[in-house]
Each structure stands twice: as C-alpha cells, then as structure tokens.
Amino acid sequence: MTTRLADIAAQAGVSEATVSRVLNGKPGVAATTRQSVLAALDVLGYERPVRLRQRSEGLVGLITPELENPIFPALAQVIGQALTRQGYTPVLATQTPGGSTEDELTEMLVDRGVAGIIYVSGLHADTNADMQRYERLRAQGVPFVLVDGFSSKVQAPFISPDDRAAMSLAVTHLVSLGHTRIGLALGPKRFVPVQRKIEGFVRTVQDQLDVSPETVEKEFVQHSLYTLEGGQAAATALIERNCTAVVCASDMMALGAIRAARQQGLDVPKDISVVGFDDSPLIAFTDPPLTTVRKPVPAMGQAAVRTLLEEIGGTPAPHSEFVFMPELVVRGSTASAPGERNRS
C-alpha cells in the first residue's frame with residue numbers, strides 16, 4: 001500500500017498524505033488536486049475506490065447494421081469513446097440478417113430506459129421505409145440522432161458525409177489519369193446515400209467528360225449489394241462494358257472489384273483502376289493499397305454524440321443535416337488509363 005501511495009503521489013505531484021486523504025474521501029483537498037490524484041490512479045492502472053468512481057449519467061443506445069463492414073465498428077468505437085468521456089454508458093445494438101430488426105432493438109433500448117439513441121445507416125436512409133416510427137419515438141420523449149441518411153419527414157438532427165462531393169473527388173482523380181470510361185458500383189437505389197452518390201457521379205462525369213446523364217446512368221452505374229461479393233458482381237458487369245476504372249460505394253465493394261478484375265486476368269491498377277469509399281481500418285494494407293475516399297468518421301461520430309447530448313440536455317440542435325466533407329486518399333489501386341500509358 002505504501003508503495004502504491006508513493007507511486008500515485010509522484011505521478012500527481014502531491015504528498016502521500018494528500019493521496020491518502022483523497023482515497024479515503026476526507027475533506028480539505030482542493031478540487032483540482034483531487035482530480036490530479038484521480039487522474040494519476042487512472043494513468044497508473046489502479047482501480048478507483050468504489051466511492052470515487054464516476055457515476056454513469058445513463059445509457060445511450062447505438063444501433064448499427066452488421067459489423068462485417070469495418071467502417072461500422074470504427075464509427076461505433078468513436079461514438080462509444082465520446083459517450084464514455086461524457087459519463088454515459090454506450091449500449092451497442094447490432095442488426096443482423098434474420099436477427100432483431102431496428103424496431104425491436106429500439107423497443108429493447110427504450111424498455112431499458114436509455115437517455116437517447118444514435119442510429120447509423122438505419123431505416124431513415126431507406127426511402128421506402130415508414131418514417132412514422134421516428135415520430136412515435138419522439139412522442140415517447142426519447143432524444144435521437146440519425147447518421148448516414150436523410151428524410152425531410154423526420155424532425156431530428158442528421159449527420160452525413162457529403163456523398164456528392166465524394167464522387168466528384170473520385171471521378172476528378174480518375175479523369176486526371178486519362179480515364180474516360182468510369183463505372184460506379186453501389187448498393188440499392190432506394191437508399192438516400194446511394195441516390196446522392198449517383199447525383200454526384202453523373203454530374204461530374206457530365207461536366208468533365210461531356211457524357212449525357214442518361215448515358216451515364218444507363219451504361220456506367222451498376223447497382224448491387226454492399227458486400228465483397230456485391231462489388232465483384234457489379235465490377236464484372238462494368239468491366240464487360242469496357243470500363244477502365246471503377247468507383248465503389250464502399251471499401252468492401254472495392255475489394256470485390258479487385259477480385260473481379262483478377263478473375264478476368266486484369267491487373268490492378270495497370271489494366272483497371274479501383275477507388276473505394278470509407279477508408280476503413282487496415283484498407284491501406286490491401287494488395288494493392290486501396291485508393292479511397294475517406295469518410296470523416298471521427299468528426300461525424302463526435303458530432304453525433306455532441307448533438308445527442310444537447311438534445312438530452314434540453315437544448316436541441318437544429319432539426320437539420322450536418323454535412324461533413326470527405327477526403328481523397330490516393331494509394332496504389334489507381335494509375336493512368338491503359339491508352340494514356342501506351343501513348344506516353
């Protein structure tokens with residue numbers, strides 16, 4: 001015990017007697033000194049006495065889709081850490097195929113008395129879904145924030161990346177490399193982020209390559225699933241249409257696109273370039289390292305937490321959409337178009 005007191009005192013820059021007073025809950029210690037001692041406990045890995053542990057402000061639910069796509073665990077980690085720093089306990093609820101639905105997870109969290117809920121890529125992003133479920137939740141007095149998706153029918157704060165700008169960054173990069181037949185592989189059209197990506201893609205291809213919007217959507221946009229297999233199927237179709245570059249709506253789809261290219265005897269990036277979206281953890285270490293559009297996950301996650309806590313605190317944020325700018329990260333999966341290389 002004496003050794004432990006000495007360690008804590010040295011770390012906090014106070015006397016052992018002061019450490020003893022803090023640990024035993026005695027009065028007469030300045031608040032800043034008390035915080036220094038508690039911080040020293042945490043840094044040295046000692047467990048705080050029960051009486052000194054920070055009381056949880058309550059539970060906050062986080063509902064995400066499946067966790068196979070590494071972007072969802074990455075976002076969950078940012079949100080969970082931000083909630084913990086504010087004294088809340090995050091409760092992760094994951095939808096899985098054949099498992100609990102978003103409505104069932106919501107009911108479970110509400111039954112457990114959560115202070116609020118953050119939804120990531122939920123039904124709010126599906127234009128075919130009934131948005132009344134969110135109004136019913138609001139009527140129950142449960143604050144919530146919606147990430148990745150938007151609906152004018154829901155009065156709530158939304159947090160989104162700029163999907164249109166993301167496609168503009170990707171297409172502009174590929175055009176600068178001499179590509180003129182650029183395909184887009186993405187998920188089902190009913191989702192808002194998909195619609196926005198198509199808008200950004202079509203507009204940029206039209207502006208930079210002078211291709212009509214009708215031609216772009218008909219020849220160069222391929223819908224599939226947000227999986228590796230979905231990316232493989234979509235890229236196969238686009239390669240058959242002589243695309244020399246493929247932009248994918250997720251990094252997982254991009255890995256599928258690379259697999260599709262290799263199955264047809266094509267080299268990435270020598271014969272075909274591939275661009276992902278998200279910049280998921282470890283994606284820089286694929287073969288080749290993936291050029292991608294980085295989703296601003298830390299900023300989006302922290303904004304979601306900050307906005308929800310304002311709602312919980314009774315000073316609601318505007319019921320509008322907060323849009324965050326993505327960033328192009330150029331790595332080894334993109335190169336000059338084959339024709340350009342031959343000419344040079």
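Me: What makes β9 and β10 a pair of strands?

Reply: Two strands pair if DSSP finds at least two bridges between them, strands being DSSP runs of E with at least two residues, and helices runs of H or I with at least four, numbered from the N terminus. Strand β9 (residues 273-278) and strand β10 (residues 291-294) have four bridges in the parallel sense, so they count as paired. Within this pairing, valine 275 has threonine 291 as its bridge partner. The model is a predicted one, in which local features need pLDDT of at least 70 and side-chain atom pairs pLDDT 80 or more, while totals for chains, interfaces and linings use all residues. Residues are numbered from 1 along each chain as its sequence is written, and side-chain values use heavy atoms, without hydrogens and water.

Me: Why is the contact of arginine 190 with aspartate 126 called a salt bridge?

Reply: A salt bridge requires a side-chain nitrogen of Lys or Arg within 4 Å of a carboxyl oxygen of Asp or Glu. The closest N and O atoms of arginine 190 and aspartate 126 are 3.0 Å apart, so the contact qualifies. The pair ties together parts that are 64 residues apart in sequence, because arginine 190 lies in the loop between β6 and α8 and aspartate 126 in the loop between β3 and α6.

Me: How do you know whether aspartate 126 is buried or exposed?

Reply: Buried means under 20% relative accessible area, exposed over 50%, and partly exposed in between (1.4 Å probe, protein chains only). Aspartate 126 has 9%, and is therefore buried. Arginine 190, at 35%, is partly exposed.
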